Amino acid sequence: MARTFREAAIAGIGATEFSKASGRSELQLAAECSKAALDDAGIHPSDVDGMITFTIDNSDEIGLCRCLGVKDLAYTARIPGGGAAAVATIYQAMALVNAGLCNTVLVWRAMNERSQYRFGQPHTQNLGPQAGNGTGSLLWCMPFGAQTPATWESLAAQRYMQQYGVTNEDLGRVAVAQRKYAATNPAAWFYGKPITLEEHQSSKWIVEPILRLLDCCQESDGGVAIVITSLERAKDLRQKPVRIVGACQSIPYNVEVISNYYHADLSMMPEAEGTAKRLYAQTGMKPTDMQAAMIYDAFTPQVLKQMEGFGFCKRGEAKDFVKSGQIDIDGILPVNTHGGLIGEAYIHGMNSIAEGVRQVRGTAVNQVKKVERVLVSSGMAGAIFEKV
Amino acid sequence: MSTPNDPSAPAAPPKPIRLAPIVTLDAKFFWDGADKGEFLGEQCADCNKLRFPPRPMCPHCHSVKRNEVKLSGRGTVYTWIQPRHPAPFGFKEPPIVATIELEEGYRLVSNLYDIALEDVKQGMPVEVFFAPTMGNHQVPVFRPRAK
Ligand SMILES: [Zn+2]
């Protein structure tokens, strides 16, 4: 096909149910969510010509092609960095379409991350030097008892909290806001189960004095897929196209994904600030151009730090923004309106990207009024989605 | 000094349960040093800059020549936490995990001893000592020191 620049758009999203025990293989989850996303777009599965997932996804490209009947796969790529790089899947898909290399790029992430293995438990297996995990220094944490994502997160979050006087109660308000969204989202694991700040404050310490149970995302089984094609083609497909205005990644020197203790100032997120700078330069946009944001919330401090990194608040001010209700449905910037990874499910950030698409389409269960643009961030990658 | 598998070694206190370090070729010097009770850093043999975590090339001058240098063992507490749930492997009681800012100008993850969680302060001066692990290894850990 001719290699002329083409704008990219999201044409389809699909998901399995979100559970704690899917009862089927990860490959089946991958196939089901992929089929759902392609059906949503109105594209025949055999037409997929590009596939992108995470380095740590356990399903094989060819295995998935054999399920979907993909007849000629032109491109495959895997993104390192775990959830921090989730949005980089969209970035690469956009670039492939822009470059005229693929017509139908399928992005998927599917896992039995509760029933088959548990990210939240100590990671003492397979933590030798492995490329592709995205973080190289976990081996400098293991013998010291820092063995879970929550401990790794806390060792950096504390510096941010001390610097700006952020308390665990401030973190609790993020969890309360997101669980409120999840409570009205039938797809969410915590549908119908909002929490109060008091319940947050009486939940047990996971890592003292930083994270309580209700500051942590879930462990989930499930799959999410997203289909990217050219904007021109998307206009003729089944759904209203969601234009990818821009997408990018930033991994500044000495930054790691989660054992991220080696850059100059742990009170800020150089990767989020770097991504924001690049994304706004690429698109000519600014934070006030967004009507909602989907922000990777493995743990509550991430939401505050990324809101500041992307310029929605000044450094240290996100806690007050949250406290005054600005991330709620009628606030200045509704955040994680599906409930996030805390309230809906932990599909490694991909379910939050799907919510960004729904907000732009106008089909979210917690729909924000007058959405033109949504920012989607996973910490070291970001994208802006726009209504056409 | 007793060595692994030395039948004449005196009976040791209860066997250490702390996980042994994961030793990679590029960081072997660090753990070999720790086994001998030495706290070592990696320095570029050409431009003399220190670096951590260890790596085979200097990011400043791109030399692959490196020296092992003895560090002062002194630093200050940067961040600290106590993992409560799930309990970490290798400890009877959850340890205080901390990032320590070394006098030499970089940070590393370790443990803090001889102090209660609520008494730890940011910038508190600490000094290195060594804790035993499974497999007859040692890792550098820290405790408060006078200013
Ligand atoms: Zn050098």
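## Zinc site of chain B

Donors are N, O and S atoms within 2.8 Å of the metal (3.2 Å for Na, K and Ca), and because water is not among the atoms, sites may look incomplete. In this predicted model, the donors of the zinc ion follow the spacing C-x2-C-x10-C-x2-C along the chain. The protein donors are the SG atoms of B:Cys44, B:Cys47, B:Cys58 and B:Cys61, which lie 2.3 to 2.4 Å from the zinc ion.

The angles among the four donor atoms run from 100 to 117°, and the site of the zinc ion is tetrahedral, a term used for four donors if all angles lie between 85 and 135 degrees. For four tetrahedral donors the ideal angle at a metal is 109.5 degrees. B:Cys44 has 0% relative accessibility and counts as buried, whereas B:Cys47, with a relative accessible area of 26%, is partly exposed.

## How the model is read

Residues are numbered from 1 along each chain as its sequence is written, while chains are lettered from A and ligands numbered from 1 in the order in which they are written. Because the model is predicted, local features need pLDDT of at least 70 and side-chain atom pairs count only at pLDDT 80 or more, although totals for chains, interfaces and linings use all residues, and side-chain values use heavy atoms, with hydrogens and water left out.

## Chain B as a whole

Chain B has one helix and eight strands, these being DSSP runs numbered from the N terminus (helices H or I, at least four residues; strands E, at least two). Along the sequence the pattern is α-β-β-β-β-β-β-β-β, and the C-alpha atoms of chain B fill a box of roughly 45 × 45 × 30 Å along the principal axes. Of the 147 residues of chain B, 44% count as buried. Contact means heavy atoms within 4.5 Å, and among the contacts in chain B with a separation of 6 or more, 52% come from residues 24 or more positions apart.

B:Pro16 lies in the segment before α1 (28-35) of chain B and, at 33% relative accessibility, counts as partly exposed. Leaving out residues up to four places away in sequence, B:Pro16 touches B:Pro132, B:Thr133 and B:Met134. B:Pro16 and B:Gln138 are 122 residues apart in sequence, with their C-alpha atoms 9.8 Å apart in space.

Helix α3 of chain A, residues 88-98, is mostly covered, with eight of its 11 residues buried; among them are A:Ala93, A:Met94 and A:Val97. α3(A) is followed by A:Gly100, whose phi is positive, near 70°.

A:Met94 is also one of the residues in contact with A:Gln282, along with A:Gly246, A:Ala247 and A:Cys248, when neighbours within four places in sequence are left aside. A:Gln282 belongs to helix α8 (residues 270-283) of chain A and is partly exposed, with a relative accessible area of 39%. Between A:Gln282 and A:Cys248 there are 8.5 Å in space, C-alpha to C-alpha, and the two are 34 residues apart in sequence.

A:Asn112 is placed in strand β4 (residues 105-112) of chain A, and its relative accessible area of 3% makes it buried. Not counting residues up to four places away in sequence, A:Asn112 touches residues including A:Arg24, A:Leu29, A:Tyr117 and A:Asp221.

How values were computed: Buried < 20%, exposed > 50% of the residue type's maximum accessible area, 1.4 Å probe, protein only. Tetrahedral: all angles 85-135°; square planar, octahedral: opposite > 155°, others 65-115°.
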